[in-house]
Amino acid sequence: MVVLGIETSCDDTSVALVNSSRQVLALETANQDKVHKPFGGVVPEIAGRNHSQFLLPIIDSVLTKSKMELKDISGIAVTHKPGLVGSLLVGLVTAKTLALVNNIKLIGVHHIEGHLVAPFLMDDEYKGPEFFKEPFIALIVSGGHTHLYLVKEFGKYQLLGQTIDDAAGEAFDKFAKMLSLGYPGGPLVDKLAQSGDDKKYLFPKPMSKSNDFKMSFSGLKTSASRLISQLKPEDIESNKNHLCASFQKTVVDSLIEKVKTALVQEKIKKLVISGGVSANSLLRSRAQQLCNELNCELAIPPLRYCTDNAAMIALLGMMKLQQGLTSGQDLSPIPYADLQNI
Ligand code: KG4
Ligand code: ZN
């Protein structure tokens, strides 16, 4: 069986083919970073318009490169929640039309649940970990989400805590904007931080005293903004790498602290970290250190499956299809949707 995945929830137009052995047969993504860069963030209208321009040619290209036709496809999985409504609509209308016309099963999926299964994808260079069906702690960190879950099994999610304001990726992006680094900011901060001294500036660690799994990044953003406004332009310029290293360390410390408490408190020995921010090199190495310390298994997707991609959507669609969880033509876009037990 092969499932075609379509992801258009934000600004990436992505299409993939995944088979029932979790193998990615094809993945193509049109990145819109350049178009949104001048605005310092995603402009929903522009994102939607670009999706409608890119999507059909990418579907064609993925099928052609894999030497497959729509008649070879068992299901079409599409992100229908959460996301920008205009962006979701483009993927959804396309998926529904292709499914109806070609008599293919339609599977609506939750974007965050897609990130959760991303570490379990496989391709010629990456084999997902063994613990596919076990309970695990999952941290989903992206531009829109910073959520900590206890995953008892796929479909059974207990939200332990989430950010009460900005998402971690959003904090990286806004911090990068303060330093005029460009967009999206996360990878640029990560790169500059490599040569920086993370002790040069001290930022307050968010929510370190809260005895729960709540996270917060807007206070950190404000304190970074205050510090930067007090520095001379030439000092900012010559200390960008130190500022990035200190900011990144504070975000990562805060995330790792919550994850550690969750693993210990829930007595779980397996950890999944996924979403765009899981591409962060410090977060990846600190998560590995933590898992070594606690004798836990760690699953973080390779970089190509960290940020938004349709392979994770196709895999989730395959899992749902195998359980008979398909959708009807009344499937609609839902801009705001928590990941609850489904
Ligand atoms: O999952 P994703 O592609 O889209 C959303 O669903 O939001 O995540 C994008 C976010 C952006 O905020 C971007 O700055 C951040 O992930 N990001 C990173 C890194 N790579 C991407 N943040 C920190 N370090 C990185 N290396
Ligand atoms: Zn995402």
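Which residues of α3 are buried? In this predicted model, the buried residues of α3 are S87, L88, V90, G91, L92, T94, A95, K96, L98 and A99.

**View 1. Helix α3 and the elements around it.** The buried residues of α3 pack against β1 (2-7), α2 (44-65), β4 (75-81) and β5 (105-110). At 1.5 Å a residue, the 18 residues of this helix (residues 85-102) should span 26 Å, and the end C-alpha atoms are 25 Å apart, which agrees. After α3 comes N103, whose phi is positive, near 55 degrees.

**View 2. The surroundings of ligand 1.** Ligand 1 is surrounded by 19 residues, of which the closest are G143, D173, D190, G276 and D308. Oxygen atoms of ligand 1 lie 3.0 Å from a backbone N or O atom of D308, 3.2 Å from a polar backbone atom of G169 and 3.4 Å from a backbone N or O atom of G144. Taken alone, ligand 1 exposes 550 Å², and the protein buries 89% of that.

**View 3. The aromatic pair F120 and F154.** Among the seven aromatic pairs is that of F120 and F154, whose ring centres are 5.9 Å apart and whose planes stand at 85 degrees, so the pair is edge-to-face. F120 lies in the loop between α4 (111-117) and β6 (136-141), and F154 in the loop between β7 (146-153) and β8 (156-162), so the pair ties together parts that are 34 residues apart in sequence. F120 is buried, with a relative accessible area of 0%, and F154, at 17% relative accessibility, also counts as buried.

View 4. F172, F175, F203 and F247 form one aromatic cluster.

Note on methods. Residues numbered from 1 in each chain as written. Chains lettered and ligands numbered in written order. Predicted model: local features only at pLDDT ≥ 70, side-chain atom pairs only at ≥ 80, totals over all residues. Heavy atoms only, no water. Helix = DSSP H or I, 4+ residues; strand = E, 2+ residues; numbered from the N terminus. Expected span 1.5 Å × (residues − 1). Buried < 20%, exposed > 50% of the residue type's maximum accessible area, 1.4 Å probe, protein only. Contact = heavy atoms within 4.5 Å. Near = heavy atom within 4 Å. Polar contact = N/O pair within 3.5 Å; in protein donor to acceptor, adjacent residues only side chain to side chain. Areas by Shrake-Rupley, 256 points an atom, 1.4 Å probe, with all protein chains shown as cover. Phe/Tyr/Trp six-rings, centres within 6.5 Å; stacked < 30°, edge-to-face > 60°.
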